[in-house]
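Subject: A structure for you to look through

Hi,

Here is the structure I promised to pass on. Have a look at it first, and then read my notes below.

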Amino acid sequence: MPASDKEFVGSIPELYDRLLVPMIFEPYARDLAQRAKAIGPRDLLETAAGTGAVTRALSAALGRDTRIVATDLNEPMLERAKSRMPDAADITWRQADALNLPFGSASFDVVACQFGAMFFPDKPKGYSEARRVLKPGGRFLFSMWDRIEENEFADVVTQALAEVFPADPPRFLARTPHGHYAADPIRADLLAAGFSKIEIDTVREQSRANAPHDPAIGFCQGSPLRGEIEARGGIGLDAATEHAASALARRFGKGAIEGRIQALVITAVA
């Protein structure tokens, strides 16, 4: 995975939060929060918190009896998350690497990670760190996007950009967010990290946007896909985004649009 796949900087956090979070992340944030609520944790760690979609859902579902520590590798994403919840006294925000967590062993009842494990350069190491900081019997709750063909907006954008850059198509979406969906390797890595009672659920939702330009801008300019497009030069970021928007309009229509999204939601016991 190129280092640029983890760069959420500049205007990316704002566009990501404004366009991608309500479109694809919030339905799964609510799902993960309800799974955490069923466990009833007193101490919960969130890794790869991004701009706080899950953090907000967890805070609403769990209430102030649960101490939430929300972390992310990228300080700009965390700053955006903090700005959305300035008065959340039950949440501690901290920049942290999920592969080298700055917390003692057996510190948390639950570790939650929504769509972050795909970015771990060493997934077994990331799972082992989650296992280390969990109390005995604690739960690791995390989600991974399913294959890109099951996630229609992302698939259409990827195909459209391949038309613009046929010699070297930008493959960030297929390579990283949608590149780690195979259940057997996930299960094997979790077992190697010391987890047991592993459950992997396939969860399908609908992605909604007010217009085709919203997912086009969200993916092309509000994710690390932006760096791939800009690095190729040629027609430029705005024209590439417009081409993606046109492809989305042809597939889904010119007004408000809907598309299928699908993910794996995993529960593992420490």
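Predicted model: local features only at pLDDT ≥ 70, side-chain atom pairs only at ≥ 80, totals over all residues.

S1 and S4 (residues 108-114) run parallel and are joined by three bridges. S1 also pairs with S2, again in the parallel sense, over four bridges. On that side, Asp43 is partnered by Arg67 of S2. To get from S1 to S2 you can follow the chain through helix H2 (residues 53-62), and these three elements make a right-handed β-α-β unit.

Are the residues of strand S1 buried or exposed? In S1 (residues 43-46), Asp43 and Leu45 on one side are buried, and so are Leu44 and Glu46 on the other, which leaves both faces covered.

Helix H3 spans residues 75-84, and its buried residues are Met77, Leu78 and Ala81. These three lie on the same side of H3 because they cover an arc of only 95° around the axis. What do they pack against? Their contacts are with helix H1 (12-39), strand S2 (67-72) and strand S3 (91-95).

Helix H9 (residues 225-232) buries Leu225, Arg226, Glu228 and Ile229. Viewed down the axis of H9, they fall within an arc of 165°, so they line one face of the helix. The buried residues of H9 pack against several helices, among them H1, H5 (152-164) and H10 (237-252). Just after H9 comes Gly233, which has a positive phi of about 65°.

What about cysteines? The count of disulfides comes to zero. Cys113 is buried, with a relative accessible area of 0%, and Cys220 is buried as well, at 0% relative accessibility.

Finally, there is something from a record. An unreviewed UniProt entry carries the annotation "domain: Methyltransferase type" for residues 45-142. In the model, that span is 32% helix and 30% strand, and its end C-alpha atoms lie 12 Å apart.

Happy exploring, and do write back with any questions!

Best wishes

How values were computed:
Residues numbered from 1 in each chain as written. Heavy atoms only, no water. Buried < 20%, exposed > 50% of the residue type's maximum accessible area, 1.4 Å probe, protein only. Helix = DSSP H or I, 4+ residues; strand = E, 2+ residues; numbered from the N terminus. Arc of directions from axis to C-beta. Contact = heavy atoms within 4.5 Å. Pairing = 2+ DSSP bridges. Right-handed = clockwise from strand over helix to strand, strands pointing away. UniProt positions renumbered as here; feature names shortened; annotations may be inferred. Disulfide = S-S within 2.5 Å.
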